[in-house]
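Here's a walk through the local features of one protein model. Have the sequence and the structure open side by side as you read.

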Amino acid sequence: MESEVQRSVSLRANRKGGNYRSNNNHSSPSNSKDVEGGGGGLFSSGKLSSDYAMKIIWKKGFIRLVLVAGILWMLLILIVLLFHIWSCQSSYLFFSAICNKESKVYTILNTWGFVPQQHRCLIPVISNPDRIVIPEGRTHDQIIKNLSYVMEDKPVKDGSQPSPLFGGHQSWKQREKSFKPSSSMKVHCGFMHNGGADMDPVDIKYVEKCRFVVASGIFDGYDVPHQPSNISDRSKELFCFLIVVDEISLDFIKENVTVSEDHNGGRWVGIWRLILLKHSPYDEPRRNGKVPKILTHRLFPQAQYSIWIDGKMELIVDPLQILERYLWRGKNTFAIAQHKHHRSIYEEADANKRRKRYARPLIDLHMKIYYYEGMEPWSPKKSTVSDVPEGAIIIREHTAMSNLFSCLWFNEVNLFTPRDQLSFGYVVYRLGGAFKFFMFPNCEYNSLFVLHPHTREHSSKVEWVKSLSEFKGNGSSMKESRGGLGLWTPYPADLKSVVLPEVVRTSRAG
C-alpha cells in the first residue's frame, strides 16, 4: 500500500516537471540528463549560454529562409510554366514571341525545360538498312517526256532591272503557260547564264558521282553543320552528304568548327562536304537558301534521289530507311511533311505577318494574287491533306514531273515572297492533280530530326514594313533588287477589289 502511494506521488511529480514517460517507454540512465542539473540538452530545464542560444536561433532562421526561398522558386517555376502553356495556346499577339522557336525567350525556356517537347511518333521503317532493296532504274513519267530549262535571260528594255537575273525575267504569260503540263516543256528554273550561284570546279567534279544525296544549306552564317547519327555503313558509302554554303557562312564555319581539306581541295566538316556557291543571286539570305533547297536537281543533276534537310536540323534516321519509308514503299516520287498547325495558306500567311517574317503588305499582295487566281482556303473537301507543308525536309526522286514541280515552286518564290510554304499548295493547285505527292504526319517529321536553334536571329528592315507607302522615296532602298520582282511588276488584272478570306486563328502562335 505504501509503495503504491509513493509511486503515485512520484508520477505526479514527473508530470509537473515536464518529464512524463509512458509505461511503455521506461527511462534509462542515459536519459537522466533531462532532470535538473543533469546536462544541457535542448529540452533541459537548466540555463543555456547566450552564445548557444544565438546559434540555435541562427540555424532555425537559416533553415526557414532556405525553405521559404525554395517554395517561392518552385512557385515561380510553376507560374512561368503555366503562363507559357497558356500564352502559346492563346491567340494574343503580345505572347507570340514567347512561342517563337527562334526567339531568345523561347530558347531560355527550352534550356530550363519549360517548353513542352515536340510530338513524336514511331516511324514504320525497316530496322536494318542492309535489308532494304533499292529499285532498279528510274520511275517513268506518263505526262512529261522532255523537260528543258530557259538558260538565257532577255534584258529589260527600259533598263529598270539589272540583267541577267538568276531567276530570269519571267513574264506573266510565260508563268501561266508553265502551269499546263505537256509532253515537252521548257520552263524557267533559275541558273540563268551569269546570274550567280556559281559552284567551284572541284565541287562540280565531285557531285558528278552522286546518285544518292543528303543535302542541306547554310547562308549568312545562321547555322553550323550538325553531324547526322544512326547512319549505316551502307548509307555512308551510298550517299553524298552535301552542305551548300555562301562565302559568309564558309568563313563563319571555319571560325567555329574544324574544317579539313582533302588532297583535291574539297572542304569537309565530319561527314559533310561543303559546297561553296559564289556570287549569291539574291539580296535576301532566306531567298538564297531556296536555291539548293528547291532546285536540288539543278545543283546536282546526276542525283536520282535526294533528301533535303534545313541547316538547323540534325538527322537521326538512316537516309536509306527514309527513302524506303516515304518513296519506295508507296511508289511515291515526292514526299514532304504536313505543317504542325496550319492547313490553309491564308492562315500560314497570317502567322508570317504576326511573326514579321516578311513585309506584311507584300504578303497580302502575294495572297491577293493567289486568291484572284482561284486558290481557295483549305477544307476537308480538297483532295490534299493540307496546302501547307513543313518545308524543312523534302524527299524526292528526280523525275521529270518532280523536277517540273520544283521549278514552278521556285519560280513562285523568285517572283513573290521567299516564304516557300505559301507557294507550295498553290503550285499543287495549278497543276490540277497532275503532280502526285505523299504528305506524311508531322509527328513523324519530328522523329526524323533533332532541332537546333540558329546561331542568331534573322532580321531585316523589310520585315517591319506595315504599308506599301514605306517603300516610296528613301524607302525604295528596302526593295530587293534581284528577287520578288513580281510584286512590283504590274499584274495583268485589277486586284483592288480582292478581299482576302477571313482567317480564324485556331492554332497556336507558331
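Predicted model: local features only at pLDDT ≥ 70, side-chain atom pairs only at ≥ 80, totals over all residues.

## Ground rules

Residues are numbered from 1 along each chain as its sequence is written, and side-chain values use heavy atoms, with hydrogens and water left out.

Helices (H or I, at least four residues) and strands (E, at least two) are DSSP runs, numbered from the N terminus. For accessibility, buried means under 20% relative accessible area, exposed means over 50%, and partly exposed is in between (1.4 Å probe, protein chains only).

## Three disulfides

How many disulfides does a search of the whole structure find? It turns up three, counting a disulfide as a pair of cysteine sulfur atoms within 2.5 Å. As a reminder, a disulfide is a covalent bond between the sulfur atoms of two cysteines.

Start with Cys 121 and Cys 443, joined at an S to S distance of 2.2 Å. This link is right-handed, with 75° about the S-S bond. Cys 121 lies in the loop between helix H4 (104-111) and strand S1 (146-150), while Cys 443 is in helix H17 (residues 442-448), so the pair ties together parts that are 322 residues apart in sequence. Cys 121 is partly exposed at 23% relative accessible area, whereas Cys 443 is buried at 14%.

Next up is the disulfide from Cys 189 to Cys 407, S to S 2.1 Å. Its torsion about the S-S bond is about -80°, so the disulfide of Cys 189 and Cys 407 is left-handed. This pair also links distant parts of the chain, 218 residues apart: Cys 189 sits in the loop between strand S2 (184-188) and strand S3 (198-199), and Cys 407 in helix H15. Cys 189 is buried, with a relative accessible area of 0%, and Cys 407 is buried with a value of 0%. Then there's Cys 210 with Cys 240, sulfur atoms 2.1 Å apart, a left-handed link with -90° about the S-S bond. Cys 210 is in the loop between helix H6 (201-207) and S4, and Cys 240 is in strand S5 (residues 239-245), so the pair ties together parts that are 30 residues apart in sequence. Cys 210 is buried at 1% relative accessibility, and Cys 240 is buried at 3%.

## Aromatic pairs

Searching the whole structure gives 31 aromatic pairs. Here, rings of Phe, Tyr and Trp (its six-membered ring) pair if their centres lie within 6.5 Å; planes under 30 degrees apart count as stacked, over 60 as edge-to-face, and the rest as tilted. One of the pairs is Phe 405 with Phe 435, which is stacked at 4.0 Å centre to centre with 5° between the planes. Phe 405 comes from helix H15 (residues 400-415) and Phe 435 from the loop between helix H16 (421-430) and strand S13 (438-440), so this pair ties together parts that are 30 residues apart in sequence. Both Phe 405 and Phe 435 are buried.

Now look at Tyr 426 and Tyr 429, a tilted pair with 6.1 Å between centres and 55° between the planes. Both lie in helix H16, three residues apart, or about one turn of the helix. Tyr 426 is buried at 0% relative accessibility, but Tyr 429 is partly exposed at 33%. The two tyrosines belong to one aromatic cluster along with Trp 172, Phe 179, Tyr 370, Tyr 372, Phe 416 and Tyr 491.

## Charges over rings

A charge sits over a ring if NZ of Lys or CZ of Arg is within 6 Å of the ring centre and within 35 degrees of the ring normal. Arg 273 lies over the face of Tyr 206, at 4.2 Å from the ring centre. Arg 298 lies over the face of Tyr 149, also at 4.2 Å from the ring centre.

Which angle does Asn 230 have although it is not a glycine? Its phi is positive, about 60°. Asn 230 lies in the loop between strand S4 (212-218) and helix H7 (233-238) and is exposed, with a relative accessible area of 58%.

His 279 isn't a glycine either, and has a positive phi of about 60°. You'll find His 279 in the loop between strand S8 (272-278) and helix H9 (285-288); at 51% relative accessibility, His 279 counts as exposed.
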